[in-house]
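Could you show me around this structure, one selection at a time? I have it open in my viewer and would like to know what to click next.

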Amino acid sequence: MSRKVEQRYSIEEVAEVSGKSTRSIYRDVYAGVLPAAKCGRVWRVKESDLERYLSMEKMTRFDQLRTGIIDTRSALTAEQRMALVGLLLANDTQA
């Protein structure tokens, strides 16, 4: 039984492909937006995670919040979360 090994990319390669700085990529890794694993001293990103990350970049921030890609619990205050929930509910009733 053969198992296909998925390609893995360094942070520098991800930055080059995405057009972002390595600092932005590290920030997304630490925020949990881009899954990565540390292999020795180098962070590696699986090809499937990179593809999802690149497709996510095309989504609007509102869509990312709505689908749960971005975790807002630590980034927003309680008042900001309530305002966001209100916006989401208002948008759902309009659709």
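Here is a short tour, from the whole chain to single residues.

**The whole chain.** Please keep in mind that this is a predicted model. Start with a cartoon view and follow the chain from its N terminus: the elements come in the order β-α-α-β-β-α-α-α, which gives 5 helices and 3 strands. The protein has 95 residues, and 23% of them count as buried.

**Colour by confidence.** The mean pLDDT of the protein is 79, with 69% of the residues at 70 or more. Now select β3, where confidence is highest at a mean of 94, and then helix α4, residues 61-67, where it is lowest at 63. Where pLDDT is low, the predicted coordinates are not to be read in detail.

**The nonpolar core.** Next, show side chains for Ile11, Val14, Ala15, Ile25, Val29, Val33, Leu34, Trp43, Val45, Leu50, Tyr53 and Met56. These 12 residues make up the largest nonpolar core. Two or more of its residues come from each of these elements: α1 (11-18), α2 (22-31), β3 (42-46) and α3 (47-57).

**Down the axis of α3.** Which residues of α3 are buried? Select Asp49, Leu50, Tyr53 and Met56 to see them. Turn the view until you look down the axis of α3: its buried residues fall within an arc of 125 degrees, so they line one face of the helix.

**Around tyrosine 53.** Stay on this face and centre on Tyr53, which belongs to the nonpolar core and is one of the buried residues of α3. Setting aside neighbours within four places in sequence, tyrosine 53 is in contact with Ser18, Lys20, Ile25, Asp28, Val33 and Leu34. Among these partners, Ile25, Val33 and Leu34 are also members of the core.

**The salt bridge.** Lysine 20 and aspartate 28 form a salt bridge, with their closest N and O atoms 3.2 Å apart. The count for the model is 1 salt bridge. Are its two ends buried or partly exposed? Aspartate 28 counts as buried, because its relative accessibility is 15%, under the 20% cut-off. Lysine 20 counts as partly exposed, at 27%.

**One last look.** Among contacts between residues at least 6 apart in sequence, 42% join residues at least 24 apart.

How values were computed
Residues are numbered from 1 along each chain as its sequence is written. This is a predicted model: local features need pLDDT of at least 70, side-chain atom pairs count only at pLDDT 80 or more; totals for chains, interfaces and linings use all residues. Side-chain values use heavy atoms; hydrogens and water are left out. Helices (H or I, at least four residues) and strands (E, at least two) are DSSP runs, numbered from the N terminus. Buried means under 20% relative accessible area, exposed over 50%, partly exposed in between (1.4 Å probe, protein chains only). Contact means heavy atoms within 4.5 Å. A salt bridge is a side-chain nitrogen of Lys or Arg within 4 Å of a carboxyl oxygen of Asp or Glu. A nonpolar core is a set of buried Ala, Val, Leu, Ile, Met, Phe, Trp, Tyr and Cys residues joined through side-chain atoms within 4.5 Å. The arc is that of the directions from the helix axis to the C-beta atoms. pLDDT is the predictor's confidence in each residue, from 0 to 100.
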